[in-house]
Amino acid sequence: MATAPTEQQLQALLQGPPEGSIRMINLLKFREQAEYEDGSAGGCANGMEAYLRYGAALEAGILDAIGATLIYSEPVVTGVIGEANALDYDIIAIVNYPSRQAFLDMAASPAYQEAHKHREAGLERQLLICCAGNEPSLGNTKLLA
């Protein structure tokens, strides 16, 4: 299952304008058991616990260093519309980044690379969606489900 972007997805992200903030919507599904590169669970009870180590590192300075902020994070209760298996995620989180470049700088930073092992150990799969405030606006139109 996907936990990293394909080359095509990365290129699509890079094609966007370098200026302007972006929001990354994260849909996260955790492993039942954490799985580190050495084959161990890393002392974690489950994948969520390993991922929380990653999240703690982000909140301990990685996001601040690039001017990013966690906007929202909450457990997913149930899917309402769509294929049941496509809606099977544990957590949704939204992070605001000041720019695409800030997001890329974060991913390349040594601190992020160190924390990344916990992300990989904890995630079964992820859906990451980029929403850009600098894209054409819908004006005052409100879209409702």
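This briefing walks through the sheet, the helices and the nonpolar cores of the structure above. The model is predicted, so local features need pLDDT of at least 70 and side-chain atom pairs count only at pLDDT 80 or more, while totals for chains, interfaces and linings use all residues. Residues are numbered from 1 along each chain as its sequence is written, and side-chain values use heavy atoms, with hydrogens and water left out. Helices (H or I, at least four residues) and strands (E, at least two) are DSSP runs, numbered from the N terminus.

**The sheet**

- Four strands form an open sheet in the order β2-β3-β1-β4, with antiparallel pairing; two strands pair if DSSP finds at least two bridges between them.
- The edges belong to β2 (69–75) and β4 (123–132), each with a single partner strand, so one side of each has no neighbour in the sheet.
- On average, neighbouring strands here are turned by 15 degrees against each other, direction ignored.
- Nine bridges join β1 (residues 22–30) to β4 in the antiparallel sense, and Asn26 has Leu128 of β4 as its bridge partner.
- Seven bridges link β1 and β3, where Arg23 is partnered by Asn96 of β3.
- Six bridges link β2 and β3, and Pro75 has Ile91 of β3 as its bridge partner.
- Five of the seven residues of β3 are buried, meaning under 20% relative accessible area with a 1.4 Å probe, protein chains only.

**The helices**

- Two packed helices are described by the angle between their axes and the distance between the axes.
- The axes of α1 (residues 7–15) and α3 (residues 100–108) come within 9 Å and cross at roughly 135 degrees; axes are lines fitted to C-alpha atoms, for helices over the stretch in contact, and angles run from 0 to 180 degrees between N-to-C directions.
- α1 and α3 are therefore oblique to each other, a word for angles that are not under 35 degrees (roughly parallel), over 145 (roughly antiparallel) or 65 to 115 (roughly perpendicular).
- Leu10, Leu13 and Leu14 of α1 meet Arg100, Phe103 and Leu104 of α3, where contact means heavy atoms within 4.5 Å.

**The nonpolar cores**

- A nonpolar core is a set of buried Ala, Val, Leu, Ile, Met, Phe, Trp, Tyr and Cys residues joined through side-chain atoms within 4.5 Å.
- The largest core has 22 residues, and Leu58, Leu63, Tyr97, Phe103 and Met106 touch the most other members.
- Helix α2 gives the most to this core, with six residues.
- A second, separate core of five residues includes Ala34, Cys44, Ala50 and Ala121.

Conventions
Buried means under 20% relative accessible area, exposed over 50%, partly exposed in between (1.4 Å probe, protein chains only).
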